[in-house]
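These are my notebook entries on one structure. I looked up strand pairing, nonpolar cores, aromatic pairs and a few single residues.

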Amino acid sequence: MSGRLKFFLILFVSVWVILVVRIYFISIKSNTYYEELAKRNMIKTEFIVPIRGQILDRNGEPLAVNELGFSLALPPRMSLRSKLAELEHQVELLAEFFPSLNKEETINHYKRQDSPYNHDFINVVDFISYEEMHRLYPRLLQSDYIKILPSTKRFYPNKTTASHIIGYTGRADTKDIERTPLSKFTGIVGKSGLERQYNDFLQGELGYRKIKVTAFNQEIELLEEKRPAENNDILLTLDLRLQKAMDEEFAEKNGAAVVMNIHTGEVLAAGSYPEYDINDFVGGISYTKWNALREDPHNPLLNKLINGTYPPGSVIKMGIGMALLEYAGINEHTVIETPEYIELGGRKFRDWRVGGHGSSDLVKSIKRSVDVYYYKLSQKAGMSNIAKVIEQMGFGRPTGIDLPNEFSGIVPSPEWKMKRFKQPWYIGDTIVSSIGQGSFAVTPLQVARHTALLASGKLPTPHLAKSLGDIPKIYEPQEALSSFQKSKLPPIRLGMYQVCSEEGGTAYWHTRASKVSIACKTGTAQVVGISQTDKKRIREEDMDYFHRSHAWITGYFPYENPQYAVTVMVEHGGHGGSASGGILVKMANTLSDLGYIDTSIEKGAKGNVKR
């Protein structure tokens, strides 16, 4: 046999071997792959998006709900060159119905969602209210392309009330979808507040329908269906009635306030002022409104309750006093001279009261807010020891409230200053820190938690969610104090009682209208330095608004049977008692009127208060 014949014979056999192997692979080995591919062509899975859960107050009053309406969608594969003109025509038609619709953005959005593998209609108008659809429905039906689908939109019926607490939803971006894949189907995600904190729960669980379809995407048979899980409502600890009473008190003021159960940590009302209408953010806020909020000097976008850090002023004196009892070699009965100032290194550190207070023990130092008492004894205790006690009582770290991005604040100490600024600590730093000035920075919520600790002896965890669906949220309070520290709570509580309830107390004249007995402490936190050479300081009301001191008051009640703590901070309010005392009383009286406080218990014990 010639060599050429052998070559062609080998080539012929090789080709047939390759063909046989390929036929075997396609018909047998690839059978499973093509069988699954055929099923995908025949069976379509449609995902059913759950309705976002509602947010309700403790009595079931709605705070965040869903407004029912409609969306409009166009069929897939209209971005092909042959159908692009029709896509543009349909968008032009929609723009006639909805003048605010941006045609170019709508077409680009459609193209991003369209692909050869997409068989579902593509949303081009996210939400239309029932009223608007009723008007447009006959005209929209005339189009063979436009599909009308049910839709929902987040709605906040109380507009500005508790806006920083509730938060708002917005369109999900790429990062949101990576973090919470379900938002790819819902199109929205919680952006701030409780909407963000509990976004995963509020979204619910995705459902689906498996449908047998023809090659033309016509449904033949429903094979399987799973309804989305929607037991996703959140019941809050907030009481809308109390919340609105707080809003009324802050109508012409800026700042923050909180009402908290001292034993459970439940927050019954909380606000950061000024507030804003959270409905403006649903679907995207306009540039005009956004710039107005962003440029407002009163910071309406800042949640001052947990992200606003302020010098505490005298509302920190109870914690400082506890540290002095432990480390300054004194007890609650020790009396020291408290003139109108002390002098250090040629500088005078003055008491707030011209002429001073003569002499003082712990109880009087709280009642009359005697600065010199703390100036003197803090030098004996040392700021490192004081800082240790203050941190132990909840400052310098987040409270753990169920809101995103809570700030820690600052508890100044020699160690902190060296680490932060690489600078040594001076005695003057101790003196100004001892009355809550200098580098001290706290949030209003930290002050409220500290007040609850003084009233109950335990450190609660503030929280806003009462239950998620059927599951209650319970937080056990922490044991934060030593046995020695607990034994020193009675004189501290007595001093706080005298602040509000005895003549000479710094809040006495501003809290007399209270229906319940209150123990409290005022604070005036300076924003700008005041020269210690000025014996008579300029009046707060004569200062420029943004130079005035922040006005604090924090308290608990009833004094004889503590149940609730209230902390109020009015930005640039001047003196703590005059600016904030009325708000504290309003909260106490409203709680009493709403039946939260059993006043019969305190009335029987009110005459037993002794020093």
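**Entry 1: the sheet with β1**

I began with β1 and strand β8 (residues 207–213), which pair in the antiparallel sense over 6 bridges. I took two strands as paired if DSSP finds at least two bridges between them; helices (H or I, at least four residues) and strands (E, at least two) are DSSP runs, numbered from the N terminus. Within this pairing, isoleucine 43 stands opposite lysine 212 of β8. The open sheet to which they belong has 3 strands in the order β1-β8-β9, with antiparallel pairing. Its edge strands are β1 and β9 (219–226), each pairing on one side only. From one strand to the next, the twist averages 25 degrees. For angles, axes are lines fitted to C-alpha atoms, for helices over the stretch in contact, and the values run from 0 to 180 degrees between N-to-C directions.

I noted the basis of the entries. The model is predicted: local features need pLDDT of at least 70, side-chain atom pairs count only at pLDDT 80 or more, and totals for chains, interfaces and linings use all residues. Residues are numbered from 1 along each chain as its sequence is written, and side-chain values use heavy atoms, with hydrogens and water left out.

**Entry 2: the sheet of 5 strands**

I next looked up an open sheet of 5 strands, ordered β12-β11-β21-β20-β19 with antiparallel pairing. Here β12 (267–273) and β19 (519–525) are the edge strands, each pairing on one side only. Neighbouring strands of this sheet are turned against each other by 5 degrees on average, direction ignored.

Glycine 255 stands opposite tyrosine 273 in β12. Helix α11 (residues 240–249) lies across β11 and β12, at about 30 degrees to β12; contact here means heavy atoms within 4.5 Å.

Alanine 519 has tyrosine 556 in β20 as its bridge partner. Helix α21 (residues 489–501) lies across β19 and β20 (550–557), running at about 75 degrees to β19. Is β19 largely enclosed, or largely open? I found 6 of its 7 residues buried, so β19 is largely enclosed by the rest of the structure. Buried means under 20% relative accessible area, exposed over 50%, and partly exposed in between (1.4 Å probe, protein chains only).

**Entry 3: nonpolar cores**

I defined a nonpolar core as a set of buried Ala, Val, Leu, Ile, Met, Phe, Trp, Tyr and Cys residues joined through side-chain atoms within 4.5 Å. The largest has 121 residues, and those with the most contacts inside it are Ile165, Val259, Leu324, Tyr373, Phe557 and Leu591. Leaving out residues up to four places away in sequence, leucine 591 touches Leu242, Val259, Leu268, Phe557, Tyr564, Tyr596 and Ile597. A second, separate core of 20 residues includes Leu72, Leu74, Ile128 and Met133.

**Entry 4: aromatic pairs**

The structure holds 13 aromatic pairs. Rings of Phe, Tyr and Trp (its six-membered ring) pair if their centres lie within 6.5 Å; planes under 30 degrees apart count as stacked, over 60 as edge-to-face and the rest as tilted.

One of them is the tilted pair of phenylalanine 47 and phenylalanine 185, 5.0 Å centre to centre with 55 degrees between the planes. Phenylalanine 47 lies in β1 (residues 43–48) and phenylalanine 185 in helix α8 (residues 183–186), so the pair ties together parts 138 residues apart in sequence. Phenylalanine 47 is partly exposed at 47% relative accessibility, and phenylalanine 185 is partly exposed at 35%.

I then looked up tyrosine 168 and phenylalanine 281, a stacked pair at 4.1 Å centre to centre and 20 degrees between the planes. Tyrosine 168 counts as buried at 16% relative accessibility, as does phenylalanine 281 at 7%. Tyr168, Tyr276, Phe281 and Trp290 form one aromatic cluster.

**Entry 5: methionine 78**

Methionine 78 is found in the loop between β3 (62–74) and α3 (84–97). Methionine 78 is buried, at a relative accessible area of 2%. Its contacts, apart from neighbours within four places in sequence, include Leu84, Leu87, Tyr110 and Tyr145. The C-alpha atoms of methionine 78 and tyrosine 110, which are 32 residues apart along the chain, are separated by 8.8 Å.
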